[in-house]
Amino acid sequence: MVRDFNIAKTEADISSYAGYVGSAFMLGRGLTSVLWGIISDRYGRKPVLVIGIITIVIFNTLFGLSTSLWMAIVTRFLLGSLCGVFGPVKAYASELFREEHQAIGLSTVSAAWGIGLIIGPALGGYLAQPTEKYPHLFLKGSFWDKFPYFLPCLIISGFAFVVAILCIWIPETLHNHNCNKKSIDDAEALENGSSGGDKDSIIPKNENLLRNWPLMSAILAYSVFALHDVAYQEVFSLWAVSPRRLGGLTFTTDDVGNVLSISGVALIIYQLTLFPYFENACGPVSIARISGVLSIPLLQSYPFIAMLSGITLYIVISIASILKYILQVTIVTGLFILQNRLVEQHQRGAANGIAMTAMSLFKTIGPATGGAILSWSQKRMNASFLPGTHMLFFIMNVVEALGVLMMFKPFLGEKNKTIIV
């Protein structure tokens, strides 16, 4: 799409401009996530979810009609600003289940998120420029020729419209008891073996979330992985379609779509079947640590995979993509579970809003930085130290390694349990 805007002077510069479009969405989300979290704590999760999905219908459609780089950037920024779904939906999923079953709810959310990030580019690969791929259905000179990237956006917006309607029937999970607060406080006090009349015996209800170091340390670690993940998502498709002389795979957009679709199917199966068992056996933090460590050698193998050809290349890169997305989503889901267990329900929306703000600010620099590093690495193919894309994946692994270190003590804090006597 950026290439067809004819703004990039060289082929290698396309990645940088594409990164600006990706960053615009994250910047918008970073500026408003806390606000949407507070709104969901006060008025409920359901209204925020419906508003966010309707926003997708409107601004994703307009994005497909973009005729310039600035129009694409503005529509993505507005979509990020007005779609506050991601934080409240994590709170919603954690509230549907008791703590021992939260892995199922939150793994479903992260599976949906990961699958969307895979199927989205796949749809783009299959449906973009339909007059060139399906000339018998979409004629040259037609509306589809003038707006060659509208069809995948239209399909996604149509899906979002159906989801917005279905949201009418989902239950609200936020339960306020302000009218009977005293009796509930007394009941909670009795449950904990204390007198209801002793105000000092009740755990404080309005904790300063910014002073909750276990929560903030988990959010910071999550944000570092988010930076790595969005850079990877931005870079993978651009790297795969790059020519061999620039260290790429010379894939077509259809080839990229096939690889990502296979990864999506595998991710669905893993998240809904295997992940809950792994989480129960290892705990959310341990499984995230293991996945982070395994991701590093896997990613550094990508430049060597690019040396393959034919069906061997296709099979190996598909397996690598499956493993990468499984490990990536395992880390994110583990940190999701940890964050939601560190706060009470009435502050869960705000806590997830803070997480989304931090994550979005990190992700704002991810696409632009990833695209810029890809462009830079492709200009140093003959360097003596880490030539070409070896440098790209090494830098991405440095970020991954930092995230892994942040999941260990003393950085990752533990929640101190208040004992009532």
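A residue is called buried when its relative accessible area is under 20%, exposed when that area is over 50%, and partly exposed in between, using a 1.4 Å probe and protein chains only. By this rule aspartate 41 is buried, because its relative accessibility is 14%.

This is a predicted model, in which local features need pLDDT of at least 70, side-chain atom pairs count only at pLDDT 80 or more, and totals for chains, interfaces and linings use all residues. Residues are numbered from 1 along each chain as its sequence is written, and side-chain values use heavy atoms, with hydrogens and water left out.

Start with the whole chain. The protein chain holds 16 helices and zero strands. Both are DSSP runs numbered from the N terminus: helices are H or I with at least four residues, strands are E with at least two. Of the 421 residues in the protein chain, 53% are buried. The protein chain exposes about 19600 Å². Carbon and sulfur atoms supply 69% of that area. Such areas come from the Shrake-Rupley method with a 1.4 Å probe, and for residues only the protein chains shown count as cover.

Contacts tell how the chain folds back on itself. A contact means heavy atoms within 4.5 Å. Among contacts in the protein chain with a separation of 6 or more, 77% join residues 24 or more positions apart.

Now turn to the charged pairs. A salt bridge is a side-chain nitrogen of Lys or Arg within 4 Å of a carboxyl oxygen of Asp or Glu. The count by this rule is five salt bridges. One of them joins aspartate 41 to arginine 45, with the closest N and O atoms 2.7 Å apart. Arginine 45 is buried, since its relative accessible area is 0%. Arginine 45 also forms a salt bridge with glutamate 95, where the closest N and O atoms are 2.5 Å apart. Glutamate 95 lies in helix 4 (residues 86-95) and arginine 45 in helix 2 (residues 45-64), so this pair ties together parts that are 50 residues apart in sequence. Both glutamate 95 and arginine 45 are buried.

Another salt bridge joins the side chains of glutamate 400 and lysine 324, at 3.6 Å from N to O. This pair links distant parts of the chain, with glutamate 400 in helix 16 and lysine 324 in helix 14, 76 residues apart. Glutamate 400 counts as buried because its relative accessible area is 2%. Lysine 324 is buried too, with a relative accessible area of 1%.

Polar contacts come next. These are pairs of N or O atoms within 3.5 Å; within protein, one must be able to donate a hydrogen and the other to accept it, and residues adjacent in sequence count only if both atoms are side-chain atoms. Serine 157 sits in helix 8. Serine 157 is buried, at 3% relative accessibility. Its side chain makes a polar contact of 2.9 Å with the side chain of threonine 61. Not counting residues up to four places away in sequence, serine 157 touches Ile56, Val57, Asn60 and Thr61.

Glutamine 271 belongs to helix 11. Glutamine 271 is buried, with a relative accessible area of 0%. The side chains of glutamine 271 and threonine 333 are joined by a polar contact of 3.5 Å. Leaving aside neighbours within four places in sequence, the contacts of glutamine 271 include Ser107, Ala111 and Val329.

Helix 12 (residues 284-300) has 17 residues. Its expected span is 1.5 Å times one less than its number of residues.

Isoleucine 165 is found in helix 8 (residues 150-166). Isoleucine 165 is partly exposed, because its relative accessible area is 36%. Together with Phe161, Val162, Leu166, Ile168 and Trp169, Ile165 forms a nonpolar patch on the surface, with about 650 Å² of accessible area together. Patches are made of residues with over 30% relative accessible area and no salt bridge, where like charges are joined within 9 Å and nonpolar side chains (Val, Leu, Ile, Met, Phe, Trp, Tyr) within 5 Å.
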